[in-house]
Amino acid sequence: MVASKLLSFKRDNCIEYLDEHVDKMMEYYEKIFLVTNWNKVTSQRIGVGEEVVDLANRMAITYHDLGKAFFQDNIARGKGASYHEYFSALILQRTFPRITEHYD
């Protein structure tokens, strides 16, 4: 299956594309976690700056479902994407060094 947009979820007539899902999760993050000072509390608990916590959360939201790219046929049939988090972690492992090299 070749599609112009990656599927995140499909069940019956309900379809959500990956870019829409990431946008929605980012919106929730900004409306709920940032407004309630969650990043400030977390940064104090673990001893890093708020900007580090913010970046980590944004990366987690972005990377969490990338592994679904490997399961597009299953998702299109409404079967889901078991173990997509594992493949998302592999993508992060391969790309993270390239991302962080700009933050030295």
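Take the expected span of a helix as 1.5 Å times one less than its number of residues; helices (H or I, at least four residues) and strands (E, at least two) are DSSP runs, numbered from the N terminus.

This is a predicted model, where local features need pLDDT of at least 70 and side-chain atom pairs count only at pLDDT 80 or more, while totals for chains, interfaces and linings use all residues. Residues are numbered from 1 along each chain as its sequence is written, and side-chain values use heavy atoms, with hydrogens and water left out.

**View 1. Helix 1 and its buried side.** Leu 18, His 21, Val 22, Met 26 and Tyr 29 are the buried residues to look for here; buried means under 20% relative accessible area, exposed over 50%, and partly exposed in between (1.4 Å probe, protein chains only). These residues cover an arc of only 130° around the axis, so they are on the same side of helix 1. That arc is taken from the directions from the helix axis to the C-beta atoms. As a reminder, an α-helix has 3.6 residues a turn, so residues three or four places apart point the same way.

**View 2. His 21 up close.** His 21 belongs to helix 1 (residues 18-33). With a relative accessible area of 17%, His 21 counts as buried. Leaving out residues up to four places away in sequence, His 21 touches Ser 8, Glu 16 and Asp 65. With Glu 16 there is a polar contact, side chain to side chain, at 3.1 Å. For a polar contact, we want a pair of N or O atoms within 3.5 Å; within protein, one must be able to donate a hydrogen and the other to accept it, and residues adjacent in sequence count only if both atoms are side-chain atoms.

View 3. Strand 1 (residues 7-11) and strand 2 (residues 14-17) run antiparallel and pair over four bridges; two strands pair if DSSP finds at least two bridges between them. Arg 11 stands opposite Cys 14 of strand 2. Two residues separate the strands of this hairpin, and Asp 12 in the turn has a positive phi of about 55°.

View 4. Lys 5, Asp 19 and Glu 20 are linked in a network of salt bridges, each being a side-chain nitrogen of Lys or Arg within 4 Å of a carboxyl oxygen of Asp or Glu. Lys 5 and Asp 19 meet at 3.5 Å, N to O. That pair links distant parts of the chain, 14 residues apart: Asp 19 is in helix 1, and Lys 5 is in the segment before strand 1. For Lys 5 and Glu 20, the closest N and O atoms are 3.9 Å apart. Glu 20 is also in helix 1, so this pair ties together parts 15 residues apart in sequence. Lys 5 is partly exposed at 32%, as are Asp 19 at 40% and Glu 20 at 34%.

View 5. The side chains of Asp 54 and Arg 58 form a salt bridge at 3.1 Å, N to O. They are four residues apart in helix 3, so about one helical turn separates them. Arg 58 is partly exposed, at 23% relative accessibility.

Key:
Contact means heavy atoms within 4.5 Å.
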